[in-house]
Amino acid sequence: MAANVTMQRKQAPVAFIPKDIMVNIFKRLPGRSLIRFRCVCTDWKNLINDLIKTPSFIEDHFHCSSCRNPFLLLEQYHRRFRGISLSVLDCDKRVQKVQKLPSIYSPYNYGVLGSSNGLVCVKVENGTSPHPILIWNPATRDIREVLPRTIVHSDLIDEVGFEYRTYINSQLHDCYGFGFSPLDSDYKVVRINAFHPYDIKAVEVYSLNCGSWKEIGVGNNLRGISTGTNATINGVMFWKAMWRDDEPLILPIDLSKEEVCTAIPMPRINGFGRARLIEYENKLAVVACLQESDGSDLIHLWVRKEETYLSEDEDEDEDKEDKRRGWTKIYISSPSPWGSLNPFTIWMNEIVFLPLHEIENDGHETILYVIDLTANEFKRLPVGSHSSNFDPVRKRRPPSWIKRDIDTKIFNYVESFVLVNRHH
């Protein structure tokens, strides 16, 4: 009797789910769950493997993930343990480890340069020059290595002398940005090569679709400018920059046209403060933590709109000057309970900060600070950073001007199946 029951169980038909319903379910699942579900059975494995290479499913899954599961990507470097940790913070404020880089890269010091639509751009310091750049999808573990070209500045050699080439190379440095160009559906790496802080010598763009670099002709138009952080919005990469005379500006680079556009003035930021370019409701925005005359620190948020003409009889106060420059201030916070904060990004309608100075850190925990733009409420968000989470690297990073055990960088991130290795 028992044997008959066993046979009946083995022969019980498996419930049939139509393929279109399964696809509709799969596109709503987190990427790592979908990858794990390939182990359920051969049919699921084959279906999922086909789906994650299908452009329409990749796009549908990405849009679902962007709305339901936006992440923060945290890159942390522990100075005492000389190790690097990559993790994500999900919308429920839970920390999850990110799949490691392939073993041929993991022993080296590496740093995240940017994140876009699930792809992560990483620079690996493996002793070669220029350092290799990786375009990596942590969800699928696909990776492409990009080798920047060696740039020879003959004008500098003529000016300084060939025998000083070692000195010239020591004064050259690269700034990188990574972003998506929707007009040509392409992911691009921007490399700005500068001599000393205030002399941009070359701008190059790498196309993931074409698999090649292209130099943008800038001549002497960018002399006297230094660049900092960047944000990509609607296919334009905006660089926070500075003239030699300390006048702040924004340098746009059109990723589709692959050209440098006319510089944009920053909003007027008086006094000492930390400012960063971010995306707010699909527009360019500037967030800054500014110290007031009474010593309190307030958060200000400007959004970029069209320049506004002011008639001659209008008083040109600070807000009207900002409007003339194309900026509208939409938010001012209450005083920060933690003093001066360094803004990084906006995530689920909250601006995310790190402390400008060490406030509370025992080497095992990083503290993020956020402000809810709707409730005008500051929050403290601990992120576990135990030493066991850090992968050791061979080379120590140079010291930071901010004295802390753990250096942290923050990026917006979403799990996706965007393809890294495209045909070109």
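Colleague: Let's start with the hairpin of E8 and E9: how many residues sit between the two strands, and which residue in the turn has a positive phi?

Modeller: Four residues lie between E8 and E9 in that hairpin, and the turn residue with the positive phi, about 50 degrees, is Ser185. Before going on, keep in mind that this is a predicted model: local features need pLDDT of at least 70, side-chain atom pairs count only at pLDDT 80 or more, and totals for chains, interfaces and linings use all residues. Residues are numbered from 1 along each chain as its sequence is written, and side-chain values use heavy atoms, with hydrogens and water left out.

Strands (E, at least two residues) and helices (H or I, at least four) are DSSP runs numbered from the N terminus. E8 and E9 run antiparallel and are joined by 10 bridges; two strands pair if DSSP finds at least two bridges between them. E8 is mostly covered, with seven of its 10 residues buried. Here, buried means under 20% relative accessible area, exposed over 50%, and partly exposed in between (1.4 Å probe, protein chains only).

Now the charged side chains. A salt bridge is a side-chain nitrogen of Lys or Arg within 4 Å of a carboxyl oxygen of Asp or Glu, and the structure holds 10 of them. In one, Arg191 meets Asp174 at 3.2 Å, N to O. That pair links distant parts of the chain: Asp174 is in strand E8 (residues 172-181) and Arg191 in strand E9 (residues 186-195), 17 residues apart. Arg191 counts as buried because its relative accessibility is 4%, whereas Asp174, at 27%, counts as partly exposed.

There's another salt bridge close at hand in the numbering: Lys188 and Asp184 come together at 3.2 Å, N to O. Lys188 is buried, as its relative accessible area is 2%, while Asp184 counts as partly exposed at 29%. This pair belongs to a network of salt bridges that also takes in Lys214 and Glu258.

For a salt bridge elsewhere, look at Arg94 and Asp90, where the closest N and O atoms are 3.0 Å apart. Asp90 is buried, with a relative accessible area of 4%.

An open sheet of four strands has the order E21-E22-E23-E24, with antiparallel pairing. Its edge strands are E21 and strand E24 (377-384), each of which pairs on one side only. Strand E23 (residues 365-372) pairs with E24 in the antiparallel sense over eight bridges, and Glu365 stands opposite Gly384 in E24.

Ser340 is buried, at 16% relative accessible area. Neighbours within four places in sequence aside, Ser340 is in contact (heavy atoms within 4.5 Å) with Cys289, Asp297, Pro355 and Leu356.
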